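I opened this notebook to record what I looked up in a structure that was new to me. The entries follow the order in which I consulted it.

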Amino acid sequence: MLFALSPDLGLSDGAGAAELAARDGGLALIEARERGSFLARLAEKEADAVPLETVTGFNYSRGQKAEVTIYRVAAMGH
């Protein structure tokens with residue numbers, strides 16, 4: 001799914017995703033365990049994020065439940 005979305009897709013941890021999203025804007029898909037670092041770094045960058053939807057499921061690769069929130073992020077200065 002990830003590679004079908006866009007050739008410009010960036011993969012990172014929560015703080016790294018915040019860096020990319022604050023600079024470029026767009027959508028960020030954030031796992032629950034990365035939410036805190038994502039939101040903290042966005043606040044440092046003074047960027048705004050709006051949660052659009054949270055999806056829960058099962059990560060069969062890790063054998064555990066997963067929760068991902070989709071955020072729309074406005075680039076800094078927008």
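**Entry 1: Where two helices meet**

I began with a contact between helices: Gly14, Ala15, Ala17, Ala18, Glu19 and Ala22 in H2 meet Ser37, Phe38, Arg41, Leu42 and Lys45 in H3. I sorted the residues of this contact and found six nonpolar, two polar and three charged. I note that the model is a predicted one.

I then looked up the geometry. Two packed helices are described by the angle between their axes and by the distance between the axes. For helix H2 (residues 14-24) and helix H3 (residues 35-45), I read an angle of about 40 degrees and axes 7 Å apart. The crossing of H2 past H3 is right-handed.

**Entry 2: The chain as a whole**

I stepped back to the overall layout. The protein chain has three helices and three strands, and along the sequence they follow the pattern α-α-β-α-β-β. The chain has 78 residues, of which 19% count as buried. I found an accessible surface of about 5,500 Å², with 54% of it belonging to carbon and sulfur atoms. Of the contacts between residues at least 6 apart in sequence, 54% join residues at least 24 apart.

Side chains of opposite charge can pair when their charged atoms come close. How many salt bridges does the count come to? I recorded seven salt bridges.

I looked up Glu19 next. Glu19 forms a salt bridge with Arg41, and their closest N and O atoms are 2.3 Å apart. Because Glu19 lies in helix H2 and Arg41 in helix H3, this pair ties together parts that are 22 residues apart in sequence. Glu19 also meets Lys45 in a salt bridge, at 3.5 Å from N to O. Lys45 lies in helix H3 and Glu19 in helix H2, so this pair ties together parts 26 residues apart in sequence.

Glu31 is partly exposed, with a relative accessible area of 29%, and Arg62 is partly exposed at 47%.

Notes
Residues numbered from 1 in each chain as written. Predicted model: local features only at pLDDT ≥ 70, side-chain atom pairs only at ≥ 80, totals over all residues. Heavy atoms only, no water. Helix = DSSP H or I, 4+ residues; strand = E, 2+ residues; numbered from the N terminus. Buried < 20%, exposed > 50% of the residue type's maximum accessible area, 1.4 Å probe, protein only. Contact = heavy atoms within 4.5 Å. Areas by Shrake-Rupley, 256 points an atom, 1.4 Å probe, with all protein chains shown as cover. Axes fitted to C-alpha atoms, helices over the stretch in contact; angles between N-to-C directions. Left-handed = near helix turned anticlockwise from the far one by under 90°. Nonpolar A, V, L, I, M, F, W, Y, C, P; charged D, E, K, R; others polar. Salt bridge = Lys/Arg side-chain N within 4 Å of Asp/Glu carboxyl O.
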